[in-house]
Amino acid sequence: MQTACPSCDLIIDIPEINAKQVALCPRCSHKIRGININHDTEIVALSLSALLMLLSSMFYPFISFSSNGITQTITLPDAARILFNYDSDLLGLFIDISIIILPMSLLIILIPLHLGALKALPQAVARKLLKFTLTLEPWIMSEIFLIGVLVSMVKIMSLAEVSFGISFFAYVGFVIFYISALTRLNRARLWSQVSPVTTLQNTSNTERAIDENIKACHVCHQLSVESICPRCHSKTYLRNPYSVQKAAAWLVTSLICYIPANLLPIMYTISLGDETPATLISGVITLWNSGSYPIAIIIFFASVVVPLAKALILSFLCFMVTKPANLHTKGYTKVYQLTEFIGKWSMIDVFVVAILVALVQLGNLMSVTPGLGIVFFTVMVLCQMMAAHAFDPRLLWDSPKIITQRIKHD
Ligand SMILES: [Zn+2]
Ligand SMILES: [Zn+2]
């Protein structure tokens, strides 16, 4: 199968790989193709199990919290619903979408997709369905929500008695089945069911796709010289248009939000009528003082270090685009892939606040309400995810002079 590496643009002809082999790019070590096994039946079974688990986690008690003889029990949809009551509609909507609606839609589509629907449906419908399915995945945050639940439990364990309900265990089951299904997903195989890869003939004397004005489709990885991908009908570009400008714009927005996200309280704790604000840092300090060192370190990294490090790394990469490729470019590509991967893990604190707000509602005795800081924090993490997504790592491998001429003609 012929393809161009999505990280460095090297044209590669991948031979048929064996069941347990993985194809890596010889120049930048990017994983081009995963394990080549037909997992269709397993994916159907796992998706079905995940879907059943997710549905069962919706209707029964998720977590209970008792203090001074009063017990508060919440279900999974309550986590978002209570935020709506506090005028944090956007946050509530984000949580509903990222932990319930998107994973449910993805699982419902994965089942027919792996039962041969792509071959049975008209090509235009199959193409649209697969494109839609694959765009859902990066925005699903169920596994991060689960870690958020555990962190919030550690936070309130010292204040009150907490117990997990049957829905919590169903949600754990859902996350395990969902991740197992997703790791078996073979995107190249699905695209070949919509329409097989067509091999370009004039690539033998070029090293990189851009040298012959060949464009690699960012959706299905088909190589072509046309402006519309012949396989998935997406617009094709030599490089993501205005990649550096867009990444820089998202980064600046995220840095502007970083300030209020750290200065404003992310939540207020009301205990016996006294209201205490908590910022990101003060939350970490409280955890540290209570002796939960590992959790304090995780939250400190996820909420404070990672966003700042990510902004610095992406700004550095945007600058390195203006320099020709050198011995360190492979390292830069790896760092970029890492920032893209860890991006959504900064959301842990958002889920922690959401769960605490939903759960700790005992009036003046003890309550938690959301602060404006958490809204800025959510927007900041989303902007950073958009910045990493907008950046095109192939620019790091391009010669800056040639690229400006080529892209102008594109
Ligand atoms: Zn590569
Ligand atoms: Zn395509």
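Modeller: Take helix α5, whose buried residues are Ile144, Phe145, Gly148, Val149, Val151, Ser152, Met153, Lys155 and Ile156. A residue is called buried if 20 or more other C-beta atoms lie within 10 Å of its own, exposed if 12 or fewer, and partly exposed in between, with C-beta atoms placed from the backbone. Helices (H or I, at least four residues) and strands (E, at least two) are DSSP runs, numbered from the N terminus. This is a predicted model, in which local features need pLDDT of at least 70 and side-chain atom pairs count only at pLDDT 80 or more, while totals for chains, interfaces and linings use all residues. Residues are numbered from 1 along each chain as its sequence is written, and chains are lettered from A and ligands numbered from 1 in the order in which they are written.

Helix α5 covers residues 142–157. Its 16 residues should span 22 Å at 1.5 Å a residue, and the end C-alpha atoms are 23 Å apart, which agrees; the expected span is 1.5 Å times one less than the number of residues.

The partners of α5 come next. Its buried residues pack against β5 (63–67), α3, β7 (161–164), α9, α10 and α12 (348–359). Ser292 is partly exposed, with 18 other C-beta atoms within 10 Å. Leaving aside neighbours within four places in sequence, Ser292 is in contact with Val154 and Leu287, contact being C-beta atoms, placed from the backbone, that lie within 7 Å.

The protein is divided into domain 1 (1–37 + 197–231), domain 2 (39–195) and domain 3 (242–410), with bounds from an automatic or database domain assignment. The C-alpha centres of domain 2 and domain 3 lie 22 Å apart, and 30 residues of domain 2 are in contact with 27 residues of domain 3. On the domain 2 side, the elements that give two or more residues are β5, β6 (70–74), α2, α3 and α5. The largest share of that side, 10 residues, comes from α5.

Another helix for reference is α1 (residues 40–59). Here Ile43, Leu46, Ser47, Ala50, Leu51, Met53, Leu54 and Ser57 are buried. Seen down the axis of α1, these buried residues fall within an arc of 170 degrees, so they line one face of the helix; the arc is that of the directions from the helix axis to the C-beta atoms. Their cover includes α2 (76–85), α3 (89–120) and α6 (166–183).

Ala50 leads on to the largest nonpolar core, which has 118 residues: Ala50, Ala354 and Leu356 touch the most other members. Such a core is a set of buried Ala, Val, Leu, Ile, Met, Phe, Trp, Tyr and Cys residues joined through C-beta atoms within 7 Å. Helix α13 (residues 372–390) gives the most to this core, with 13 residues. Ala354 is in contact with Ala79, Leu83, Leu91 and Ile95, neighbours within four places in sequence left aside.

Definitions and conventions
Two residues are in contact if their C-beta atoms, placed from the backbone, lie within 7 Å.
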